[in-house]
Amino acid sequence: MAQMQSDATRWRERALAVMPVGSSTNSKAPALLPEEPEVIVRGRGCRVWDDRGREFIDYRNALGPVTLGYADARVDAAIRAQLDDGILFGHPHPLETTTAELFCSLVPGAEAARFLKTGGEALAALIRIARAHTGHDRIVQIGYNGWLNSLAPGARVLPGATSAQVPGVPAALAELHHAVDWDDRETLDELFAAHGSQIALILVAADYPSVPGATDFYRHLRATADAHGALLGYDEMVTGFRVALGGMAEFTGVLPDLSVFGKGVANGMPLSVYCGRRDVLSVLDRGEVVVSSTYGGETLSLAAASATMSAMRDDGVIPHLHAAGARLQTGMNALFAAAGVELRLVGHPTCPQFVAEDERMLQTFLRAAFRHGLSFYRVVYVNAAHTDADIDETLQRVHAALAEVRT
Ligand SMILES: Cc1ncc(COP(=O)(O)O)c(C=O)c1O
């Protein structure tokens, strides 16, 4: 820690010297220095600390996964207990089965499940399984599905960015992927009119500001897929174990054929789950499709996932996220309105997104928020450790930050 503090403020420079982007995760690279932390060295509950000892009430939650809070005692105890017995073996560990059993008991439509490490990888598996099951090659993608699957011109290349070109992707592959904007039913219908018999999968990640009214669009996607012999897949990386335990499948009541979960499952440990209809996933049993990774059954993450999902099932986590998120969203929107600042937090209380008339205003506000000890991201994630007192303290700090934004 002493060594870290003596290096204060130079982490960004050092990182950029040795790492493209200065971070392995694009969205974590700080863009609002010097207010924004260059590095985070510790987290507990809903607070994090940077190398200079500055404390922040945190709404980034590692970009989603840390749903119970940093250094959660239940999850950490499960990891420590498993650590004493070993991390990874040459045969399956019982936790692989028991974690899959627990997961399938909580997620609607998950008749079977299997594990990988990242969302992008699990979504790539979904795409391959859907192609094998249907015999169709084309994939329709709505929203961001991880870097590995950003293949279509005009697709999301990050959660908040699209790209007209996809350098590094052969044209022959890119033309089999079709990016469709949220609720753009016209483009979707045109695509199905042109290529309906060749579409394997509609893969949808919910648009955060649109989550509350998403059900009708999901019904439309279900009907469209069914009418053309395509499968429907949900990317629940953010919405799973957050909007509801069973993500958008539970929230909308519209069941997918396949889905991928990740961020909410293991409180920060790297684990993704691909799951769905047993008859579709049985292309794996039959060996027609091989999806296999050395680390899928890594036990520390499985132990963390079992502890996290048990806590979420038993300890009222989702209602807490709804209540804390609503308190924050309502309070912040009232403060924005009172200050005459053109910013809004729009969407479901568990994952609302900043919507700004003018992007520069949002950057100015985020800078001021960092100055006042608040760490926000484009999507605002509450966790189970945010108490009413933490939210109220946040609102006081937002009030103070807004005074600086206006002057
Ligand atoms: C909706 C969505 N899908 C997929 C991914 C990719 O997951 P990973 O970064 O674990 O590959 C993300 C990550 O931000 C995401 O938000």
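Author: The protein is divided into domain 1 (2-63 + 316-406) and domain 2 (73-314), with bounds that come from an automatic or database domain assignment. This is a predicted model, in which local features need pLDDT of at least 70 and side-chain atom pairs count only at pLDDT 80 or more, while totals for chains, interfaces and linings use all residues. Residues are numbered from 1 along each chain as its sequence is written.

Taken over C-alpha atoms, the centres of domain 1 and domain 2 are 27 Å apart. Where they touch, domain 1 gives 16 residues and domain 2 gives 15 residues; two residues are in contact if their C-beta atoms, placed from the backbone, lie within 7 Å. On the side of domain 1 that touches domain 2, the elements with two or more residues are α12 (317-339) and β14 (353-356). Such helices (H or I, at least four residues) and strands (E, at least two) are DSSP runs, numbered from the N terminus. The largest share of that side, three residues, comes from α12. By class, this side of domain 1 has nine nonpolar, six polar and one charged residues. Here Ala, Val, Leu, Ile, Met, Phe, Trp, Tyr, Cys and Pro count as nonpolar, Asp, Glu, Lys and Arg as charged, and the others, Gly among them, as polar.

Now the sheets. β15 pairs with β3 (residues 55-58) in the parallel sense over two bridges, and L374 in β15 is the bridge partner of I57.

Another open sheet has seven strands in the order β4-β12-β11-β10-β9-β5-β8, again with mixed pairing. Its edges are β4 (112-116) and β8 (177-179), each with a single partner strand, so one side of each is left without a neighbour in the sheet. On average, neighbouring strands of this sheet are turned by 20° against each other, direction ignored; axes are lines fitted to C-alpha atoms, for helices over the stretch in contact, and angles run from 0 to 180 degrees between N-to-C directions. Within the sheet, β10 (residues 231-235) and β11 (residues 258-261) run parallel and are joined by three bridges, with D235 opposite V260 in β11.

Definitions and conventions: Two strands pair if DSSP finds at least two bridges between them.
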